[in-house]
Amino acid sequence: YFLGIRPMTITIFDTPVLSTILRVGSFVGLKLFGWKIEGELPQTDRFVMVAHPHTSNFDLPLMLAVAFVFKIKLHWIGKEQIFAGWRRPIMTWMGGLPIVRSGNQNQVERIAEHFKGRDKIALVIAPSGTRAKSDKWQSGFYWIATHAEVPILLIFLDFKARRTGVGDLHTPTGDYEKDVQEMEKFYQGMEGKYAHKT
């Protein structure tokens, strides 16, 4: 511990001074490129964040900009191998959380464990699971939120209307099909950078 902070909990999103500079830069950058920023972050510090539509590599810098603008402490999951040695502090500072893809433990349970002991965590997941066209969302994000007992926040990147920001907050009920149908309704009419993949 240092100044009462648990080791490896500081990320680029809450690094003093730098996070402020990146937040201002993200806001200005989005405006300069003609993007409208919409929504308000709900009063919750722990959630699974759905990023959709996801059709290109351009989605990543946009999503990072949204995270900075809304002061979201963004986290992502990566294979344990990329956290080896000297890379671990760098990857963790960038919001990475390691996952060991071996053993008998369910992957959903492994990922959900990252919520334990963290007062502030937003785990971003693209429900389509791929940049290619997909007619059905993968269910992992839903069961991670259910297991971790956290809500699901919808984030959108609508290239058609050049709108991005924070959408609805959903609490999983356990009825996957019904809950996902409600979430998908929110994204109706939105298009990713490559509309034919949306």
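With which residue does E80 form a salt bridge? The partner to select is R88, and the closest N and O atoms of the pair are 2.4 Å apart. A salt bridge here is a side-chain nitrogen of Lys or Arg within 4 Å of a carboxyl oxygen of Asp or Glu.

This is a predicted model, in which local features need pLDDT of at least 70 and side-chain atom pairs count only at pLDDT 80 or more, whereas totals for chains, interfaces and linings use all residues. Residues are numbered from 1 along each chain as its sequence is written, and side-chain values use heavy atoms, with hydrogens and water left out.

**First stop: E80**

Remain at E80, which is placed in the loop between β3 (74-79) and α3. Helices (H or I, at least four residues) and strands (E, at least two) are DSSP runs, numbered from the N terminus. E80 counts as partly exposed because its relative accessibility is 26%; R88, at 32%, is likewise partly exposed. The classes are buried (under 20% relative accessible area), exposed (over 50%) and partly exposed in between, with a 1.4 Å probe and protein chains only. Next, display the surroundings of E80: apart from neighbours within four places in sequence, E80 is in contact (heavy atoms within 4.5 Å) with R88, P98, I99 and V100.

**Other salt bridges**

The count of salt bridges comes to five. Select D14 and K73, whose side chains meet at 2.9 Å, N to O. This pair links distant parts of the chain, with D14 in the segment before α1 (18-32) and K73 in the loop between α2 and β3, 59 residues apart. D14 is partly exposed because its relative accessibility is 29%, whereas K73, at 13%, counts as buried.

Move on to R163 and E38, which form a salt bridge of 3.1 Å, N to O. Here strand β7 (residues 163-170) supplies R163 and strand β1 (residues 36-38) supplies E38, 125 residues apart. E38 counts as partly exposed, at 27% relative accessibility.

**Helix α2**

Select residues 59-69, helix α2, in which eight of the eleven residues are buried. Among them are D59, L62, M63 and F68. Just after this helix, K71 takes a positive phi of about 55 degrees.

**The nonpolar cores**

A nonpolar core is a set of buried Ala, Val, Leu, Ile, Met, Phe, Trp, Tyr and Cys residues joined through side-chain atoms within 4.5 Å. The largest has 26 residues, and V48, F115, W137, F141, I144 and I152 have the most contacts inside it. Elements that each supply at least two residues of this core include β2 (46-52), α5 (140-148) and β6 (152-158). The largest share, five residues, comes from α5. Centre the view on I144: beyond four places in sequence, I144 touches V48, V108, I111, A112, F115, L123 and I125. A second, separate core of 24 residues includes I12, F68, I72 and V166.

**Last stop: a surface patch**

Finally, select I10, W86, I90, W93 and M94, a nonpolar surface patch with about 510 Å² of accessible area together. Patches are made of residues with over 30% relative accessible area and no salt bridge; like charges are joined within 9 Å, nonpolar side chains (Val, Leu, Ile, Met, Phe, Trp, Tyr) within 5 Å. Accessible areas come from the Shrake-Rupley method with a 1.4 Å probe; for residues, only the protein chains shown count as cover. M94 lies in the loop between α3 (87-93) and β4 (96-99) and, at 41% relative accessibility, is partly exposed.
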